[in-house]
Amino acid sequence: MADTVAEVMTSHPAAVEADQPVSAAAALMRDRDTGAVIVNENGRIQGIITDRDIAVRVVAAEKSPQTPVREACSPYVEAIDPDTTIDQAVRIMRSHAVRRLPVLEDGRAVGIVSLGDLALERDPHSALADISAAEGNQ
């Protein structure tokens, strides 16, 4: 059983620069089969944008797909380092009601750990683990 998030995280998470259009983030989500993309400014994390952010903050608000990512992302993100224990990550997700945590080293995203990743690690027979492990899910 894994002890730290480094052992279960997705390395090299999808990322866009904050000034790129939301359509670029959506295309990256499609191409990488993911629901979240790290938002960087000059290579340093500034936020995260999810498929839900695009649906609510862009599509439902009738904004252009050319809207800069910085205008649609969640700018404050709980983040952890690779040595964070699985238990600590679970507590952070629970206390901040988030489903994903960027994993940072020196202010740069080196990974991302999701609620599904943790479910697969802690209880591989749970419904969430089954859904997370299904083909096409990340």
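This is a predicted model: local features need pLDDT of at least 70, side-chain atom pairs count only at pLDDT 80 or more; totals for chains, interfaces and linings use all residues.

Biologist: How many salt bridges does the count come to?

Modeller: The count comes to three salt bridges. One of them is formed by Arg30 and Asp31, with the closest N and O atoms 2.9 Å apart. Both Arg30 and Asp31 are exposed. Another is between Arg57 and Asp53, where the closest N and O atoms are 3.5 Å apart.

Biologist: What separates Arg57 and Asp53 along helix α2?

Modeller: About one helical turn, because they are four residues apart in helix α2.

Biologist: And their exposure?

Modeller: Asp53 counts as buried because its relative accessibility is 8%, and the cut-off for buried is under 20%. Arg57 is at 34%, so it counts as partly exposed.

Biologist: Let's step back. How many helices and strands are in the chain?

Modeller: Five helices and six strands. Along the sequence the pattern reads β-β-α-β-β-α-α-β-β-α-α. The chain has 138 residues, and 40% of them count as buried.

Biologist: Back to β3, then. How many bridges join it to β4?

Modeller: Six bridges, and the two strands run antiparallel. Strand β3 covers residues 36–41. Ile38 stands opposite Ile48 in β4.

Biologist: What about the turn between β3 and β4?

Modeller: The two strands form a hairpin with two residues between them. Asn42 is in that turn, with a positive phi of about 55 degrees.

Biologist: How much of strand β4 is buried?

Modeller: Five of the seven residues of β4, residues 44–50, are buried, so the strand is largely enclosed by the rest of the structure.

Biologist: Next, the open sheet. In what order do its strands come?

Modeller: The order is β1-β6-β5, three strands with antiparallel pairing. β1 (10–11) and β5 are the edge strands, and each pairs on one side only.

Biologist: Remind me, through what do strands of a sheet pair?

Modeller: Through backbone hydrogen bonds, either parallel or antiparallel.

Biologist: How many bridges join β1 to β6?

Modeller: Two, and those strands run antiparallel. Ser11 stands opposite Gly111 in β6.

Biologist: Which residue takes a positive phi in the hairpin of β5 and β6?

Modeller: Asp106, with a phi near 55 degrees. That hairpin has two residues between the strands.

Biologist: Switching topic. Where does Ala18 lie?

Modeller: In the loop between β2 (15–17) and α1 (22–32). Its relative accessibility is 3%, so Ala18 counts as buried.

Biologist: By what distance are the C-alpha atoms of Ala18 and Pro68 separated?

Modeller: 6.6 Å, with the two residues 50 apart along the chain.

Biologist: Last one. Where is the place of Asp33?

Modeller: In the loop between α1 and β3. Asp33 counts as partly exposed because its relative accessibility is 36%. From Asp33 to Ala14 the C-alpha atoms are 9.8 Å apart in space, and the two residues are 19 apart in sequence.

Biologist: Thanks, that covers my list.

Conventions
Residues are numbered from 1 along each chain as its sequence is written. Side-chain values use heavy atoms; hydrogens and water are left out. Two strands pair if DSSP finds at least two bridges between them. Buried means under 20% relative accessible area, exposed over 50%, partly exposed in between (1.4 Å probe, protein chains only). A salt bridge is a side-chain nitrogen of Lys or Arg within 4 Å of a carboxyl oxygen of Asp or Glu.
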